Amino acid sequence: MRPKTAWQAMAQRPLSFLTSSWPWRSVAYLASGVLVGAAAVAVLAAGLVVGLVLLVILVGVAPLVGVVLSSVTVATIERRRLRLVDLDDTPDPHQKPSGPGLRAWVATRLKEPVTWRELGFTLLSAAALWWLDLLVLAFSFGVPALCFEAVDGVTWPWAVFGSLVLLASPYTVTSWAGARAALSRTLLAPRDEELGIALEEVHASRVRLIDAFDAERVRIERDLHDGAQQRLITLGMTLGLLQLDVPPGSPLSAQLIQAQEQLSAAHEELRSLVRGLNPPVLADHGLAAAVREQASRFPIPVEVDLHLPGRLPRHVETNVYYLISEAMTNIARHSGARNASVSGRYHADLLVLEISDDGRGGADPTLGSGMTGLADRLTAVDGRIRVSSPIGGPTLLHVEIPCHFG
């Protein structure tokens with residue numbers, strides 16, 4: 001799986017990491033951090049000046065306001081810089097001003113918790129972070145340069161030391177870049193409650209779509225069961241009655257027998273389709289029983305260790321069942337595995353699933369494989385998935401879904 005953060009990149013094989021762009025991206029992140037940190041000092045000073053001006057022009061606006069609002073600019077730049085070492089988007093959580101004009105904008109900014117976190121980040125950046133960026137860069141590249149300046153018989157140990165520091169510099173720089181990015185994301189990423197009405201509407205819309213899909217799936221299953229399946233049964237009975245009127249061993253009798261065999265195969269395929277749309281075992285006995293029933297029909301041995309304290313909410317249970325079903329289908333089609341396992345536990349309002357196989361590995365969601373469908377399905381239940389699938393295997397899917405038992 002392609003790394004999305006600097007720390008994930010370092011977890012790759014050394015050659016893959018050293019020949020990638022991640023060490024250079026980390027250098028660019030820290031170098032620009034030095035510039036942004038130095039600018040933050042200037043921005044804070046300018047904000048203090050602006051605050052003093054506003055104090056004269058606008059009654060009730062203190063110099064602190066200018067400093068606070070200046071930090072918004074620093075935080076915006078930092079969110080964009082994060083893309084160098086963290087490919088996940090960091091949306092801007094600021095709300096629209098409650099009215100037109102400068103006063104409304106200032107009032108809105110001062111009421112938002114994110115504004116004060118941005119102030120804290122700006123102060124931290126100005127006071128310490130950019131100095132640490134400079135220190136890491138100076139140690140990683142400045143020390144080796146000084147050691148190589150005067151290499152003779154007396155100072156050659158320093159050249160060896162400089163070489164070791166330079167060889168380790170990709171990991172030194174990337175480690176600090178990953179730590180700095182994690183701290184920045186913690187302070188600047190929006191909290192759920194800060195996303196406000198937009199998040200609530202997206203969540204409500206997603207729930208409506210899930211419910212509509214489930215209702216449509218049940219309707220299709222019922223129509224197939226009560227319509228197409230019954231017609232196939234009636235057709236089979238008609239062919240059986242026709243065969244009674246045909247002399248045994250005649251060409252027509254052989255054709256009727258062949259037609260009945262094809263009809264039986266079509267009926268069995270339709271039954272499998274209906275069972276997949278709305279598994280009776282899932283509806284009657286729950287997720288664990290349905291997964292075990294599915295595993296019993298799987299072409300390779302599957303060990304099922306799924307223990308839950310009760311029935312999950314209907315939409316969660318259905319999505320988890322189809323997620324496991326799709327993961328097992330991917331194993332059968334692509335992995336070349338000889339054994340697979342499905343395990344699950346419930347801990348503190350979190351359903352944790354692990355699906356593994358001993359196949360060839362190499363699963364990569366970014367290449368449009370079957371993993372993409374699993375990630376999309378998890379989005380509907382606020383879940384997340386982590387994949388470990390080195391070339392040569394094994395493959396492990398770790399799934400976490402927040403839920404509670406009613």
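Start by selecting Tyr 171: it counts as partly exposed because its relative accessibility is 29%, where buried means under 20% relative accessible area, exposed over 50%, and partly exposed in between (1.4 Å probe, protein chains only). Before going on, note that this is a predicted model, where local features need pLDDT of at least 70 and side-chain atom pairs count only at pLDDT 80 or more, while totals for chains, interfaces and linings use all residues. Residues are numbered from 1 along each chain as its sequence is written, and side-chain values use heavy atoms, with hydrogens and water left out.

How far apart are the ring centres of Phe 17 and Tyr 171? They're 4.8 Å apart, and with the planes at 45 degrees the pair is tilted. (Rings of Phe, Tyr and Trp, using its six-membered ring, pair if their centres lie within 6.5 Å; planes under 30 degrees apart count as stacked, over 60 as edge-to-face, and the rest as tilted.) Phe 17 sits in helix 2 (residues 14–18) and Tyr 171 in helix 7, so the pair ties together parts 154 residues apart in sequence. Helices here are DSSP runs (H or I, at least four residues), numbered from the N terminus.

Next, jump to Tyr 321 and Tyr 322. This aromatic pair is edge-to-face, at 5.3 Å centre to centre with 80 degrees between the planes, and both residues are buried.

Last stop: select Val 160 in helix 7 (residues 156–188). Val 160 is partly exposed, with a relative accessible area of 41%.

How values were computed. Helices (H or I, at least four residues) and strands (E, at least two) are DSSP runs, numbered from the N terminus.
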